[in-house]
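Here is a friendly briefing to read alongside the model. Please keep the viewer open as you go through the points.

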Amino acid sequence: MADAVGNETRRVLIAADKFKGSLTAVQVAGRVTAGLRRVVPDLRVEALPVADGGDGTVDAAVAAGFERREVRVTGPLGREVTAAFALRDGTAVVEMAEASGLQRLPAGVFAPLTASTYGSGELLRAALDAGARTIVFGVGGSATTDGGAGMLAALGARFLTEDGEPVPPGGGGLAELARADLSGLDPRLSSVELVLASDVDNPLTGPKGAPAVYGPQKGASPEDVAALDAALAHFAKVLEAEAGPRAAEYAASPGAGAAGGIGYGALLLGARFRPGIEVMLDVLGFAPALERASLVITGEGSLDEQTLHGKAPAGVAAAARAAGKEVVAVCGRLALSAEALAGAGIGAAYPLTSVEPDVSKCIADAGPILERVAARIAETRLG
């Protein structure tokens, strides 16, 4: 048990992402807090749930004090869904997965060729209607591979076939594109700061492009991947005729392939690409919270190689290390060596499997097990 003096000088900041499929980032913070206080009842704890731009980003913003706004928009299959964005002091946090994410598909249903980002454009329009002057556009977890065509159409662009009809929704329909007209884009876009927040830096097409790398996760067969890659390349070519060389430059830019190519559409709108976790830490007020902390606890469901490439725990740890703060991580599954963790600025990791070896129980009872893990952190780090 920590003594009274120690408790006065110790302040813990919990800045963890979700445990996907088990706990939201808010729930992770709550469980870790409960576990710590089981050992140190009067411990000062500050919770700042984080996200890297993917699903859970709006919830993280709301937990940090943003207002939650809900609107009805078009889901990836054309059915209406209720989606949320977050707003505070002229800054909106818009999460494309809210409108166009895999979570919006019925269980077991994929539509790699026809899923559309139209609803994401409607969400951006709702943020503009709400008076946003800065829009942080978090992309990830998408059900779509349409290069952002649906989003652009919702904002006023027109994509027409040879017969002058709108192209069918989804990436597959872009194969029929004959002409693009961007003149009708919402004029408010030109006076808004749009930030593309993503943890991937893929180009639009090619071996590392959106269809090849992420298409299979959305149900795309090898044939679908080839068709989508060709359709998106054609899309960029037609847009080059409309918008000039910059359309080709954007297609090859880092982040263009994010979330099925919606990054490309965002770049066409003038978005500035930034790593998602960096943007979100700025927006959520991480720096002042970090200054107040003596120990930082970060984490996510699986700490693995992907974590090191722009995921939330790596961003939190990098910022904390730069500030000279001690960092530990919680996770469901640990697949990184002690050396890799140290290289990322994480002093130690505490997986759920360290107290419950049965992985199925860790998934089913993640909350109570995480509390036990947090109690162990308190015993070893705060005792």
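**Briefing: pockets, salt bridges and helices**

Asp89 counts as exposed at 69% relative accessibility, where exposed means over 50% relative accessible area, buried under 20% and partly exposed in between, with a 1.4 Å probe and protein chains only. This is a predicted model, in which local features need pLDDT of at least 70 and side-chain atom pairs count only at pLDDT 80 or more, while totals for chains, interfaces and linings use all residues. Residues are numbered from 1 along each chain as its sequence is written, and side-chain values use heavy atoms, with hydrogens and water left out.

**Backbone points with positive phi**

- Asp89 is not a glycine, yet its phi is positive, at about 50 degrees.
- Asp89 sits in the loop between β4 (80-88) and β5 (91-95); strands here are DSSP runs of E with at least two residues, helices are runs of H or I with at least four, and numbering starts from the N terminus.
- Ala259, also a residue other than glycine, has a positive phi near 50 degrees.
- Helix α10 is where Ala259 is found, and at 10% relative accessibility Ala259 counts as buried.
- Gly270, which follows α10, has a positive phi near 95 degrees.

**The largest pocket**

- The largest pocket has a volume of about 1,000 Å³.
- A pocket is an open set of points on a 1 Å grid over the protein atoms alone, where a 1.4 Å probe fits, with protein on both sides within 12 Å along at least five of seven lines; lining residues have an atom within 4 Å of a point.
- Grid points are joined across faces, edges and corners, and the volume is the space filled by probe spheres set on them.
- Its lining has 38 residues, and Lys20, Asp199, Glu300, Gln306 and Lys311 lie nearest the centre.
- At least two lining residues come from each of α10 (258-268), β11 (295-303), β12 (326-334) and α15 (359-364).
- The lining of the largest pocket divides into 12 nonpolar, 15 polar and 11 charged residues; Ala, Val, Leu, Ile, Met, Phe, Trp, Tyr, Cys and Pro count as nonpolar, Asp, Glu, Lys and Arg as charged, and the others, Gly among them, as polar.

**The second largest pocket**

- The second largest pocket holds about 320 Å³ of space.
- It is lined by 22 residues, with Gly150, Ala153, Val167, Pro168 and Pro169 closest to its centre.
- Two or more lining residues come from each of α6 (149-154) and β7 (158-160).
- By class, the lining of the second largest pocket has 13 nonpolar, seven polar and two charged residues.

**Salt bridges**

- There are 23 salt bridges in the structure, each a side-chain nitrogen of Lys or Arg within 4 Å of a carboxyl oxygen of Asp or Glu.
- Glu371 and Arg38 meet through their side chains at 2.9 Å, N to O.
- Glu371 belongs to helix α16 (residues 366-381) and Arg38 to helix α2 (residues 25-39), so this pair ties together parts that are 333 residues apart in sequence.
- Glu371 is buried, with a relative accessible area of 15%, whereas Arg38 is partly exposed at 47%.
- Asp17 and Lys18 form a salt bridge with their closest N and O atoms 3.7 Å apart, and both residues are buried.
- Glu98 pairs with Arg104 in a salt bridge, the closest N and O atoms being 3.8 Å apart.
- Glu98 is buried at 10% relative accessibility, and Arg104 is partly exposed at 25%.

- The 16 residues of α16 reach 22 Å from the first C-alpha to the last, close to the 22 Å expected at 1.5 Å a residue; the expected span is 1.5 Å times one less than the number of residues.
- Buried residues of α16 include Ala366, Ile369, Leu370, Val373 and Ile377.
- These buried residues of α16 pack against α2, β11, β12, β13 (348-351) and α15.
- In α10, 11 of its 11 residues are buried, among them Gly260, Ile262, Tyr264 and Leu268.

**Around Arg274**

- Arg274 is found in strand β10 (residues 272-275).
- The C-alpha atoms of Arg274 and Val195 are 6.9 Å apart, although 79 residues separate them along the chain.
- Beyond its neighbours within four places in sequence, Arg274 is in contact with Val195, Leu196, Ala197, Ser198, Val279 and Asp282, where contact means heavy atoms within 4.5 Å.
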